[in-house]
Amino acid sequence: MGLLEGKVVLVTGGARGQGRAHAVVSAREGADVIIVDLADQIGSVHYPMGSQDDLAETARQVEELGRRVLAVTADVRSQAQMDNAVAQGIEEFGHIDVLIANAGIWTLGQFWEITDEQWQDTLDVNLTGVWRSAKAIAPHMIERQAGSIVITSSINGLEGGANYAHYTASKHGLVGLMRTIALELAPHGIRCNTIHPGAVNTPMHHHQRTYDMFAGHPGGTYEDMIEGGYHYGALKGTTFMAPEAMADAALFLNSHLAANVTGVTLPVDSGHLLLTGSNPTPVK
């Protein structure tokens, strides 16, 4: 029996990357899954975002594990769309036990050069979108007097990050939001926690700006990014992690194993926060 047997899990940003990993790992552990994604481009984002084809592929992988799946195209920036996604999920499955509020975007720029559009889009998706997602599902969980909410923050929700002040601000904001949600929902038996991914190998990072950032010069490559990742963590042999590492952490938090865990920030960072800066002598 899986750790989420009989549960229904709603994942935002579920078309690919960490969201797909959350959906597939949840299904592997016995859950039916609702995957929500914009499946379209946001103008200020400089890498290709998830598509309808990506959303369909996540659904296919869930079904391949023998679990039911509902794919919903919705924008976490819209309360009406998130309310509708939750309503569809309840109509399809009868209940929702878990929210993994994972949808997020990441763009680059020094804080004095970030455009108003970049700032607002990042806050609207990464912070307000999580609030809207939790707001949409809270009445249902309160009625059932049970539930678990896991929010994807970032290591940059616990430390600063040069060249993405808007992202860092949004991810820090999620910690305060999580703690308040956890406090307000605790009397109803509902838990809320954040996971804080370190360097994760997802399509969000597969573009030239990221490669250049890790190379330290224009013309960087994917290999430069992976090499730079070895300097990020303290653990031997770690560079950019697979998204399944985040999904396994969320699985723990959403399972009975964490029945008394709420209001916590869980870094999944290969020991990055142990370092004062980067790791100058990584052991591969």
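Author: Helices (H or I, at least four residues) and strands (E, at least two) are DSSP runs, numbered from the N terminus. This is a predicted model, in which local features need pLDDT of at least 70 and side-chain atom pairs count only at pLDDT 80 or more, while totals for chains, interfaces and linings use all residues. Residues are numbered from 1 along each chain as its sequence is written, and side-chain values use heavy atoms, with hydrogens and water left out.

Reader: What makes Ser154 count as buried?

Author: Buried means under 20% relative accessible area, exposed over 50%, and partly exposed in between (1.4 Å probe, protein chains only). Ser154 has 5% relative accessibility and therefore counts as buried.

Reader: Which residues does Ser154 touch?

Author: A contact requires heavy atoms within 4.5 Å. Leaving aside residues up to four places away in sequence, Ser154 touches Tyr167, Lys171, Ile195, His196 and Pro197.

Reader: Why is Ser170 called buried?

Author: The relative accessible area of Ser170 is 0%, so this residue is buried. Ser170 belongs to helix α5, residues 165-185. Residues up to four places away in sequence not being counted, Ser170 touches Thr122, Leu123, Asn126 and Leu127.

Reader: Which elements cover the buried residues of α8?

Author: The cover includes α1 (17-28), β4 (98-101), β5 (147-152), β6 (190-197) and β7 (265-268). Among the buried residues of helix α8 (residues 244-254) are Met246, Ala250 and Leu253.

Reader: How many helices and strands does the protein chain have, and how do you know that the chain is as compact as a globular protein of its length?

Author: The protein chain has eight helices and seven strands. Its radius of gyration is 18 Å, close to the 19 Å that the globule rule gives for 284 residues, so the chain is as compact as a globular protein of that length. The radius is taken over C-alpha atoms, and the rule is 2.2 Å times the number of residues to the power 0.38.

Reader: How much of the protein chain counts as buried?

Author: Of the 284 residues, 55% count as buried.

Reader: What share of the contacts with a separation of 6 or more joins residues 24 or more positions apart?

Author: Such pairs account for 74% of those contacts in the protein chain.
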